[in-house]
Amino acid sequence: MRYTGPKVRLSRRAGVPLTRKAVRYFEERPYPPGEHGRKTSRRQTGDYGLRLMEKQKLRWYYDVSERQMRRYWDMALRGTGRSGAELVVLLESRLASLVLRAGLAPSIYAARQYVTHGHLTVDGRKVDIPGYLVKPGQVIAVRQRSRGMQPFVAAAEGVYADDRIAPYLNVDHAELRFTVVDRPLREQIAVPVDEQLVVEFYSR
């Protein structure tokens, strides 16, 4: 089941800002949420709790359910590379993840919403599945009828773009279009998670 409550609360539970918006809030309240948040020590977490939290952070970062994570983990195990790196690459290859990474959305939650509402196409065909795994060479674009909406007008001006575009994407913000030029490599993906702890969690 996906978390649908306040997103900043997740960042405070995780101990790291998981979204751009959370950065400012996290700087003001760098402790866990709740009445006793200030008195809670993250250092008291045991080995299991530490691995569980890394897995949860990865889930929250990409906004996927536990069931979806399990499915990606099974796929990662069938891959040829290191299972932890393969898991992160699969999550990064989701359509919603790439829409965020390309700077067409301000957060993973907005990216997911844009996809489910049918605003995006892949190779000219509407795709409304956030977990659609995009392959190298495929072109993602905002549908023509959606381009006048305020969020996409802002995206065309580069408002949501990172300082550096991911090297596996070729992005044209003005045209609200991007191409996946290569499969992401783990070292190219900026995600605040130690995936080895996630591997240990699922391998226990």
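Analyst: Let's begin with exposure: buried means under 20% relative accessible area, exposed means over 50%, and partly exposed lies in between (1.4 Å probe, protein chains only). This is a predicted model, where local features need pLDDT of at least 70, side-chain atom pairs count only at pLDDT 80 or more, and totals for chains, interfaces and linings use all residues. Residues are numbered from 1 along each chain as its sequence is written, and side-chain values use heavy atoms, with hydrogens and water left out.

User: Why is Lys 55 called buried?

Analyst: Lys 55 has 5% relative accessibility, so it counts as buried.

User: How do you know that the side chains of Glu 66 and Lys 55 meet in a salt bridge?

Analyst: A salt bridge needs a side-chain nitrogen of Lys or Arg within 4 Å of a carboxyl oxygen of Asp or Glu. Here the N to O distance is 2.6 Å, so the pair qualifies. Lys 55, Glu 66 and Arg 70 are linked in a network of salt bridges.

User: And what makes Glu 92 buried?

Analyst: Its relative accessible area is 0%, so Glu 92 is buried. Glu 92 also forms a salt bridge with Arg 101, the closest N and O atoms being 2.6 Å apart. Arg 101 has a relative accessible area of 12%, so this residue is buried too.
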